[in-house]
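Subject: Structure for your review

Dear colleague,

Please find below the structure that I am handing over to you. I would be grateful if you could read it together with the notes that come after it.

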Amino acid sequence: MPSRSSRSSNVAALLLGAAALVAPARAHAQACCAGGSVVTPGRLQLHEDSLVGVQAKVGRVLGSYDVGGVFVPERAGESELDLEQD
């Protein structure tokens, strides 16, 4: 059975964590990955409260590697596209 001090410290930590999540705060730094690239990152202006960054990527697969690590090109007439979004 946990001791009384252990239980009260767990409750205090839970209440402190909940207060940190609920309390409004100003952002003073840029969030990671909030833009399409490092060259054009998203930055909040003083009058803005939030930012959403979206990135999409399309790539053509030219082949794959077998179990031995040897590159195997795709067969004639086959094609594969990779579609990614962040």
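The notes below cover the conventions, the chain as a whole and then some individual residues.

This is a predicted model, in which local features need pLDDT of at least 70 and side-chain atom pairs count only at pLDDT 80 or more, while totals for chains, interfaces and linings use all residues. Residues are numbered from 1 along each chain as its sequence is written, and side-chain values use heavy atoms, with hydrogens and water left out.

The chain contains one helix and four strands (DSSP runs, numbered from the N terminus: H or I of at least four residues for helices, E of at least two for strands). Their order from the N terminus is α-β-β-β-β. Of the 86 residues, 5% are buried (under 20% relative accessible area; exposed is over 50% and partly exposed in between, with a 1.4 Å probe and protein chains only). Among contacts (heavy atoms within 4.5 Å) with a separation of 6 or more, 22% join residues 24 or more positions apart.

Tyr 65 belongs to strand S2, residues 63-65. Neighbours within four places in sequence aside, Tyr 65 contacts Val 70 and Phe 71. Why does Tyr 65 count as exposed? Its relative accessible area is 60%, and exposed means over 50%.

Asp 86 lies in the segment after strand S4 (80-85). Asp 86 is likewise exposed, because its relative accessibility is 63%.

Yours sincerely
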